Amino acid sequence: MAAIAPDLRWDFPLRLLGGMHYLVLGGEGSWDDADAMLDERADFLARFAAEQPVQTNEVGRAAPLLRGLVALGRERIDLLELGAAGGLLLYLDRYDRDHDGRFEIVRRRGIDRHPIDVTTEGGARLLEAFVWPDQTERIARLRAAIEIARKDPPELITGDYVDVLEEHVRGQTLVMSSVTTMYLDDDRYAELVAKLDGVDWLSLEAPRRRRDYEGLQLVLNGRVLEEHVDYHG
């Protein structure tokens with residue numbers, strides 16, 4: 001195991017298991033013989049864990065985020081997601097059959113250091129790799145969302161969102177984040193907050209420095225809309 005671990009950061013187990021699941025999804029490994037995967041595919045797993053950050057598009061979070069968009073009270077929205085991965089949450093209005101068209105999303109953009117193209121089989125496989133195989137409902141939601149995104153792919157921007165954010169914010173832009181700012185250290189988070197001053201910002205994140213807090217907070221422009229939202233929405 002030491003040969004596989006590029007570091008011992010808190011998310012290493014997620015990166016390692018994501019790599020193993022990636023192999024299983026491609027028919028290149030089996031959970032029934034995990035030891036063989038760790039042994040025979042050690043080089044691949046070490047490279048995957050070193051180079052591939054945890055990438056998830058938890059589609060279930062679309063429900064609370066949609067309520068946040070309704071609370072904004074704007075008819076036209078230029079939606080810009082931070083840490084978008086494959087950009088599936090940019091289609092949150094298309095997942096709710098009861099959405100009554102109180103607003104229109106006129107543009108769907110996402111920023112990510114490693115954006116995922118879900119129109120490719122490899123991209124879809126990578127996103128599914130970070131959903132564990134026993135979580136069948138989450139996998140079903142993910143696959144359905146991928147099919148929706150493939151019909152009208154989002155605009156994905158490669159970059160560190162703290163650095164490039166200001167280049168992409170316009171008058172009607174709503175910035176949205178979901179379980180991504182937790183990966184920022186305090187200095188980078190403060191820089192992000194400063195750059196978002198005066199910009200509409202909808203976030204679904206765990207409160208910083210609240211280790212005893214269970215779940216996520218839905219916050220719009222600094223106002224808490226919902227408390228203790230489930231991590232999977």
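**Entry 1: a surface patch**

I started at Met182, which sits in the loop between strand S4 (173-178) and helix H8 (186-195). This is a predicted model, so I keep that in mind for everything below. How exposed is Met182? I get a relative accessible area of 44%, which makes Met182 partly exposed. Met182 forms a nonpolar patch with Trp10 and Tyr183, and together they have about 360 Å² of accessible area.

**Entry 2: helix H7**

Next I went to helix H7, residues 161-168, and listed its buried residues: Tyr161, Val162, Val164, Leu165 and His168. Down the axis of H7 these fall within an arc of 165°, so they line one face of the helix. I reminded myself of the general rule: an α-helix has 3.6 residues a turn, so residues three or four places apart point the same way. On the other side of H7 I found Glu166 and Glu167, both exposed.

What do the buried residues of H7 pack against? I noted strand S1 (76-82), strand S2 (104-112), strand S3 (155-158), S4 and H8.

**Entry 3: helix H6**

I checked the length of helix H6 (residues 136-151) against expectation. At 1.5 Å a residue its 16 residues should span 22 Å, and I find the end C-alpha atoms 23 Å apart, which agrees. The buried residues of H6 are Arg138, Ile139, Leu142, Ala145, Ile146 and Ala149. They cover an arc of only 130° around the axis, which puts them on the same side of H6. Helix H5 (121-129) is included in what covers them.

Which exposed residues does the face of H6 turned away from the buried side carry? I wrote down Thr136, Glu137 and Lys151.

I stayed with Glu137, which lies in H6. Its relative accessible area is 62%, so I log Glu137 as exposed. I also looked up Glu137 against Gly60: 77 residues separate them in sequence, while their C-alpha atoms are 9.9 Å apart in space.

**Entry 4: Gln52**

Gln52 is in the loop between helix H3 (42-51) and helix H4 (62-72). Is Gln52 buried or exposed? Its relative accessible area is 15%, and since buried means under 20%, Gln52 counts as buried. I then asked for its contacts, leaving aside neighbours within four places in sequence. Gln52 touches Arg15, Arg47, Leu126 and Phe130.

**Entry 5: salt bridges**

How many salt bridges does a search of the whole structure find? The search gives 26. I went through some of them one by one.

Glu28 and Arg41 have side chains that meet in a salt bridge, at 3.2 Å from N to O. This pair links distant parts of the chain, 13 residues apart: Glu28 is in the loop between helix H1 (12-25) and helix H2 (34-40), and Arg41 is in the loop between H2 and H3. I have Glu28 at 38% relative accessibility, hence partly exposed. Arg41, at 26%, is also listed as partly exposed.

Then I looked at Glu58 and Arg141, which form a salt bridge with their closest N and O atoms 3.4 Å apart. Glu58 lies in the loop between H3 and H4 and Arg141 in helix H6, so this pair ties together parts that are 83 residues apart in sequence. Glu58 is buried, with a relative accessible area of 5%. Arg141 counts as partly exposed, at 31% relative accessibility.

My next pair was Arg107 and Glu155, with 2.9 Å between the closest N and O atoms of their salt bridge. Arg107 is in strand S2 and Glu155 in strand S3, so I log this as a link between distant parts of the chain, 48 residues apart. Arg107 is partly exposed, with 31% relative accessibility. Glu155 is partly exposed too, with a relative accessible area of 35%.

Which residues do salt bridges that share partners join into one network? I found Asp160, Asp163, Glu166, Arg188, Glu191 and Lys195.

Notes: Residues are numbered from 1 along each chain as its sequence is written. This is a predicted model: local features need pLDDT of at least 70, side-chain atom pairs count only at pLDDT 80 or more; totals for chains, interfaces and linings use all residues. Side-chain values use heavy atoms; hydrogens and water are left out. Helices (H or I, at least four residues) and strands (E, at least two) are DSSP runs, numbered from the N terminus. The expected span of a helix is 1.5 Å times one less than its number of residues. Buried means under 20% relative accessible area, exposed over 50%, partly exposed in between (1.4 Å probe, protein chains only). The arc is that of the directions from the helix axis to the C-beta atoms. Contact means heavy atoms within 4.5 Å. Patches are made of residues with over 30% relative accessible area and no salt bridge: like charges are joined within 9 Å, nonpolar side chains (Val, Leu, Ile, Met, Phe, Trp, Tyr) within 5 Å. Accessible areas come from the Shrake-Rupley method with a 1.4 Å probe; for residues, only the protein chains shown count as cover. A salt bridge is a side-chain nitrogen of Lys or Arg within 4 Å of a carboxyl oxygen of Asp or Glu.
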